[in-house]
Amino acid sequence: MAYDRRDQAVRAAVEHALLSESEPVVALLDTAGVRASAAALRTAFAEVTRAPVLHAFAVKASPLVPVLRLLYEEGLGAEVASPGELALARAAGVPADRTVLDSPAKTPAELREALALGVAVNADNPQELARLDALVPAAASRTNAPSPSPVGLRINAQVGGGSIDALSTATGTSKFGVALRDEGARDWIVRAFLDRPWLTRLHTHSGSQGMPLPLMAAGVRAVYELAEEINAAAGRRQVDTIDIGGGLPVNFTSDDETPTYAAYARLLAAEVPGLFDGRYGLVTEFGRSLLAKHGTVLARVEYTKTAGARPIAVTHAGVQVATRTVYDPASWPLRIAAYDAKGLPKTGPLVDQDVAGPACFAGDLLAVGRALPPLEPGDVVAALDTGAYYFAHHYAYNSLPRPGVYGFVTRPDGTVRFATVRAPQRPADIVAESGGEHRDALLRE
Ligand SMILES: *Cc1c(COP(=O)(O)O)cnc(C)c1O
């Protein structure tokens, strides 16, 4: 998020008492920043192709209805991977023809619902295709088209992994899609298309954070070449759309938004020119890169102490809002900014200190030995770049509540307007979601 907008928003959050004793951790979302990223994505692809492009936001990255609504207003659709995500996209008003269903474990009921709605489906594997063999004609007989939904097949191009194993989906043994380089796979895939006139798309998603762009481009190229081979064998343009997935990495080390969509789109156009000459429709599925830089977690410093001469600030943001960082700090370091009790940037000599969360286990640390001005009780720490896969991905350890999420816009006069995106969870909500109405359930014989 732009540095000056962030500072304005932090100050206003303190002044408006968004952050308070009763709400000691909140999340902020920079609405203008999200709009700018969506516009940059649209422009980047519009500059390299005249083909129709559906930018389907990967809902997993920020499963919040107002966020999906904002992105839809900015011209994006939704990529969903569960009944919950589909429900969120529908609640946001994203129409079926702007929605794509992926997921490696769709049930028959999910497939039937997607076909009934006309949501595009990417099959993950041969068994799912076999299921669709029964479901597609049944659903089609009610419409008049060969298939009520565009149907594709997910391919694992097996181009290799990036720096984070858990987010590398195109390794030799990844659980996703049909492994393209396995013995006999290519011929099987071509046959699968020839046998199914309604199978018209190919899908690939080579990975997320940690993937080098050339590797992602190699995955797209492999799938484009497969589409050409299928269409040559079919003697017609059976594959009419290629879904290139998401996964643009995010820079977590500074405010620079790199790599850019423009750079990735230009790289793709150079590496896979045939994909952009207008013969294929395109679908993209970016998630993290649209939201990450625009979110900030703010938390009050409750206490400060030293242990073994190490200064420690105990704050209200930890594993519940930064799960990946706490459990895998080497892969997911976060920048921390320090503000005083008035919400002004904190100054002073830098001192290495731990920034701890509120959860009851020793590893609940947002940062270890981080150089910051000496923190004091009442100060505010900000965990930056947390707009995707952080505060929207609550982890209910210690029954810590889901914090409120507030969008903000800054006006030219410097004032800030906040809008509630998600209300904070209350203790009564936690009780209700934790079996409160079944209190005596285990007492019955
Ligand atoms: C997670 C995921 C995405 C989005 O990845 P980002 O790294 O958030 O851009 C896109 N497509 C599929 C199939 C995914 O699983």
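This is a predicted model: local features need pLDDT of at least 70, side-chain atom pairs count only at pLDDT 80 or more; totals for chains, interfaces and linings use all residues.
A polar side-chain atom of Tyr389 lies 2.5 Å from a ligand oxygen atom, while Gly247 brings a backbone N or O atom to 2.9 Å from an oxygen atom of the ligand. On its own the ligand has 390 Å² of accessible area (Shrake-Rupley method, 1.4 Å probe), and the protein covers 94% of that area.

Around the ligand stand 14 residues (each with a heavy atom within 4 Å of the molecule), of which Lys60, Ser208, Glu285, Arg288 and Tyr389 come nearest. By class, this shell holds six charged, five polar and three nonpolar residues, where Asp, Glu, Lys and Arg count as charged, Ala, Val, Leu, Ile, Met, Phe, Trp, Tyr, Cys and Pro as nonpolar, and the others, Gly among them, as polar.

The protein itself is divided into domain 1 (2-29 + 293-433) and domain 2 (31-291), with bounds from an automatic or database domain assignment. Their centres, taken over C-alpha atoms, are 33 Å apart, and the contact between them (heavy atoms within 4.5 Å) takes 26 residues from domain 1 and 26 residues from domain 2.

Residues are numbered from 1 along each chain as its sequence is written, and side-chain values use heavy atoms, with hydrogens and water left out. Local features need pLDDT of at least 70 and side-chain atom pairs count only at pLDDT 80 or more, whereas totals for chains, interfaces and linings use all residues.

Note on methods: A polar contact is a pair of N or O atoms within 3.5 Å; within protein, one must be able to donate a hydrogen and the other to accept it, and residues adjacent in sequence count only if both atoms are side-chain atoms.
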